[in-house]
Structure formats: C-alpha cells, structure tokens
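Subject: A structure for you to explore

Hello,

Here is the structure I promised to pass on to you. Please open it next to this email and follow along as you read.

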Amino acid sequence: MRLVSFNDGGHWVAGVLVDDVVVPATEVAADAGLAGDHTTVKGVIVHTQDELLRLEAAARSAASERGRRREELTLGPPVPDAQKILCVGANYQAHIEEAREIPGAPDGKQAVPIVFSKFATCLVGDRAPVAVPSTDDHLDFESELALVIGARAWHVRAEDALSHVAGYMPFNDMSARQLQIQTPQWTMGKGFDRSGPCGPALVTADEIDDPGNLMVEGRLNGELLQHSSTSDMITGIADLIAYISSEITLNPGDIISTGTPSGVGVGREPKLWLKPGDVFEVTIEGLGTLTTPIVPASEQP
C-alpha cells in the first residue's frame, strides 16, 4: 500500500494512493472496520499488517467514487509530523572516498554509524520547490532510502529490527556544503528549511521483499549522476535501527534516512551545485521517484 499526505484546507491529511487517485484514509477506515484517528499517516501506520491490508482493500473499492486525482492535489511529506528525522552520514564507501577533501569528513574508520538530525521544518513533499540558501550557494543533493518506524523501538535486536518498520520512501538529504564545513557539527548545513524532500508516498514494508537490495538513482535535469544499491551500505537497515534504538526511543512516524551513495556534487570536478531552474529526481526501486525543483532564495515558499 502507498500512503500519502495531501493538502486539505491547509492541513496535511492521510490518503491511500490507488493508481492515479488518492482516497482519504478517514473516509474508508470505517469500511475496513478500523478504530482510531486516521487523519494522519502516523495514525494509520500503527495498525497491524492485516488491518492495513483491509484498509487498502477498502480504498481500492472506494477509489472510483471517493478518490481524488493525484494530479489535482498537493502532496506533502508522507509523515509531516515526524517526531524525529535521523540521517546517516558516510554509509557508502564510494561516497566516503569522493568526500575526503571536505574538512572534517569521515574517513570510513569510525566504529559506529554517524547519525545526525534534521527537523520537521526540513520536510517537504514531492514536487515542492526548494530554494538555494541565501547564505550558501553550494547546494548539493544526496539520493537516499528512508524508512519510517511503525512500532515503538527501544533496545531492539538487529534480527527483530525490520518488524518495527512501517515502510520506505525516497529521501533527498540536501546539503549546504559551505555551511556544513564551517563547524564540526553539521546542523546548519543539513538542517536548513526544506532540506529534506521525501515521498511521494510511503510504501508499506510488506511490498518490499528486501530493502537491503534496492537500486538508488539520482538524476539532475534528466542526467543520471548517482547509481548504486542499498546492498552497498556499510551499516545495513537492521543494524542502524538496533544501534539508534540502543539509546534513542524510536516512535511510530520517526524517519531514518540511510545515507547516500557516490556521485554527489561536492565529489565532482568541477563541483556541481544545484541552481535555480534545476530539477533533481531521486528514484528508489519499488518506491517511485521524488522530484524537487530548485528556485532562487527570493522565491523561498
């Protein structure tokens, strides 16, 4: 099942994406015999897999009568109210190699994953514009697989970790490189407004046979710049969840973005920075394509 958030009267509400239409989750939850608040995707993903399958079936049955065309809607981040957005740095060896010239860049010898945070103000959805930061025109792209937690995780073992995942989605960990390298902490260069495009949909975990073996691609204005597989990650998804949950409680709706492969702008000669008029696309096998147009700082939404 594919879950989205769409704008309804100025609020992000949950919908089930059925082909090219979106069915509001609140309108079909009762048909599926589900209790609870289904206004948001966070309220939907707490259900069991059997309950989610019933919701999907109800949405498909109602799509022709109660569905709204996807093209007529504005999609937001699938989980706009995530409590935590945790990102992983230097999780592909080839990316470590290409980023060595960045001051303070990891050398790949760290004993544990590098985890940093973004914020709810970073999240935007598919086709939402992102402005070049007014204080840093070195705007870079990072195509990534992100997961969303569906069940509380605390001191989870790696062998049990995937059972806590609600689903997966494309993510772009956009980076303002000059701001990033000004201090040892990456917050300003990674956490600026609208720096976390994601979506278009959260694809539930039952639809992905092996999240550790998915193609990851990034295209700038149609040109393929990043091409890899999640099988090349240094620390896999289950181990990431186990490591993070050893000290941080993961709650339903929390997002973990798992790192980018090589091919980013900072690793190229000459450097390649996103500029107004560009369009960057992140495609993850089985999950779809996330599209982000770049606009001038003066047009920041």
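Let's begin with a term: a salt bridge is a side-chain nitrogen of Lys or Arg within 4 Å of a carboxyl oxygen of Asp or Glu. By this rule the structure has 19 salt bridges.

Some notes on how to read what follows. This is a predicted model, in which local features need pLDDT of at least 70 and side-chain atom pairs count only at pLDDT 80 or more, while totals for chains, interfaces and linings use all residues. Residues are numbered from 1 along each chain as its sequence is written, and side-chain values use heavy atoms, with hydrogens and water left out.

**Salt bridges**

Arg68 and Asp8 are joined by a salt bridge, with 3.8 Å from N to O. Because Arg68 lies in strand E4 (residues 68–69) and Asp8 in strand E1, the pair ties together parts that are 60 residues apart in sequence. (Helices, H or I with at least four residues, and strands, E with at least two, are DSSP runs numbered from the N terminus.) Arg68 is partly exposed at 29% relative accessibility, and Asp8 is partly exposed at 35%. Here buried means under 20% relative accessible area, exposed means over 50%, and partly exposed is in between, using a 1.4 Å probe and protein chains only.

Next, look at Glu142 and Arg177, whose side chains meet in a salt bridge of 2.8 Å, N to O. Glu142 sits in the loop between strand E10 (139–140) and E11, and Arg177 in helix H6 (residues 177–181), 35 residues apart, so this pair links distant parts of the chain. Are Glu142 and Arg177 buried or exposed? Glu142 is buried, with a relative accessible area of 4%, and Arg177 is buried too, with 6%. Salt bridges that share partners join Lys118, Asp140, Glu142, Asp173, Arg177 and Lys190 into one network.

Asp126 and Arg127 also form a salt bridge, and their closest N and O atoms are 3.4 Å apart. Asp126 is buried at 7% relative accessibility, whereas Arg127 is partly exposed at 42%.

Strand E1 (residues 2–8) pairs with E2 in the antiparallel sense over seven bridges; two strands pair if DSSP finds at least two bridges between them. E1 and E2 form a hairpin with two residues between them, and Gly9 in the turn has a positive phi of about 65°.

E2 is also joined to strand E3 (residues 21–24) by four bridges, and the two run antiparallel. Val16 stands opposite Val23 in E3. The hairpin of E2 and E3 has two residues between the strands, and Asp19 takes a positive phi near 55° there. Strand E2 (residues 11–18) is largely enclosed by the rest of the structure, because six of its eight residues are buried.

**An open sheet**

In which order do the five strands of the open sheet lie? The order is E9-E20-E19-E16-E17, with mixed pairing. Strand E9 (130–131) and strand E17 (223–229) are the edge strands, each pairing on one side only. E16 and E19 run antiparallel and are joined by five bridges, with Glu217 opposite Thr283 in E19.

**The nonpolar cores**

A nonpolar core is a set of buried Ala, Val, Leu, Ile, Met, Phe, Trp, Tyr and Cys residues joined through side-chain atoms within 4.5 Å. The largest one has 44 residues, and those with the most contacts inside it are Leu147, Tyr168, Ile241, Leu250 and Leu274. Among the elements that give two or more residues to this core are strand E11 (143–149), strand E12 (165–172) and helix H8 (237–245). The largest share, four residues, comes from H8. A second, separate core of 36 residues includes Val28, Ala59, Ala63 and Ala146.

**Around helix H8**

Tyr243 is found in helix H8 and is partly exposed, with a relative accessible area of 32%. Gly236 has its place in the loop between E17 and H8. The C-alpha atoms of Gly236 and Ala158 are separated by 9.5 Å, although these residues are 78 residues apart along the chain.

Enjoy exploring!
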